[in-house]
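Please walk through this model with the sequence at hand.

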Amino acid sequence: MEQNNGQALKGKRVAVLMTDGVEQIEYTSPRSFLQEHGATVTLISPKAKGDKVQGFNHADKGDSFEVDMHVGEASPRDFDALLLPGGVSNPDALRLDTASIDFIRAFGAEEKPIAAICHGPWTLIDAGVAKAKHMTSWPSLQNDLRNAGAEWSDEEVVIDGRLITSRKPDDLPAFNQALLKLLSIDPATADRGPSS
């Protein structure tokens with residue numbers, strides 16, 4: 001039994017960027033997992049603080065989730081990682097929101113962990129983060145990602161540096177574990193190789 005599970009990510013702050021049409025499980029599963037390991041999760045959106053984001057279970061309306069912070073007020077400096085859930089209309093709307101794309105681009109520029117699943121990687125194209133990266137996604141995005149300069153493969157989770165991508169809700173266990181592993185690495189020692 002792992003006794004440090006509840007504290008592994010204590011002090012870590014994870015931003016989740018999403019809006020209406022998000023695939024609910026791709027938000028709730030990582031959020032619960034991260035919180036169980038001690039991280040603080042903040043829901044950021046182009047919607048105003050206190051507004052609701054409508055989740056979906058595939059094509060069916062699911063729960064709604066309260067926005068913690070408007071994306072225009074959020075800074076990557078205040079977070080240790082960025083989570084981008086999927087759903088089709090969620091990333092499609094984010095791609096048209098300049099503040100959201102700027103936020104993702106800034107995360108990429110600071111080389112902080114970004115984890116995107118299903119249709120979530122779509123936004124990485126607009127933010128210029130996909131180029132020259134090895135990635136996966138929902139299969140319908142593969143040509144878009146390749147056209148943006150990414151190398152795409154059909155795997156449950158792909159880790160390229162500080163970028164984690166997965167294909168679909170079935171991949172969430174591997175996706176969550178990859179995020180835990182990446183967030184558990186001390187950035188000060190990450191480039192020095194494994195310690196004894």
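This is a predicted model: local features need pLDDT of at least 70, side-chain atom pairs count only at pLDDT 80 or more; totals for chains, interfaces and linings use all residues.

**Salt bridges and a buried strand**

Residues are numbered from 1 along each chain as its sequence is written, and side-chain values use heavy atoms, with hydrogens and water left out.

Asp-126 forms a salt bridge with Arg-95 (2.5 Å, N to O). Asp-126 lies in helix α4 and Arg-95 in helix α2, so the pair ties together parts that are 31 residues apart in sequence. Helices (H or I, at least four residues) and strands (E, at least two) are DSSP runs, numbered from the N terminus. A salt bridge here is a side-chain nitrogen of Lys or Arg within 4 Å of a carboxyl oxygen of Asp or Glu. By this rule the count is 8.

Another salt bridge joins Arg-167 and Asp-154, with the closest N and O atoms 2.9 Å apart. Arg-167 sits in the loop between β12 and α6, Asp-154 in the loop between β10 and β11. Arg-167 is buried at 16%, whereas Asp-154 is exposed at 51%. Shared partners join Asp-154, Arg-167 and Asp-171 into one salt-bridge network.

Now turn to strand β1, residues 13–17. Of its 5 residues, 4 are buried, so β1 is largely enclosed by the rest of the structure. Strands pair if DSSP finds at least two bridges between them. β1 runs parallel to β3, with 5 bridges, and parallel to β7, with 3 bridges. Val-14 partners Val-41 in β3. Val-16 stands opposite Leu-83 in β7.

Key
Buried means under 20% relative accessible area, exposed over 50%, partly exposed in between (1.4 Å probe, protein chains only).
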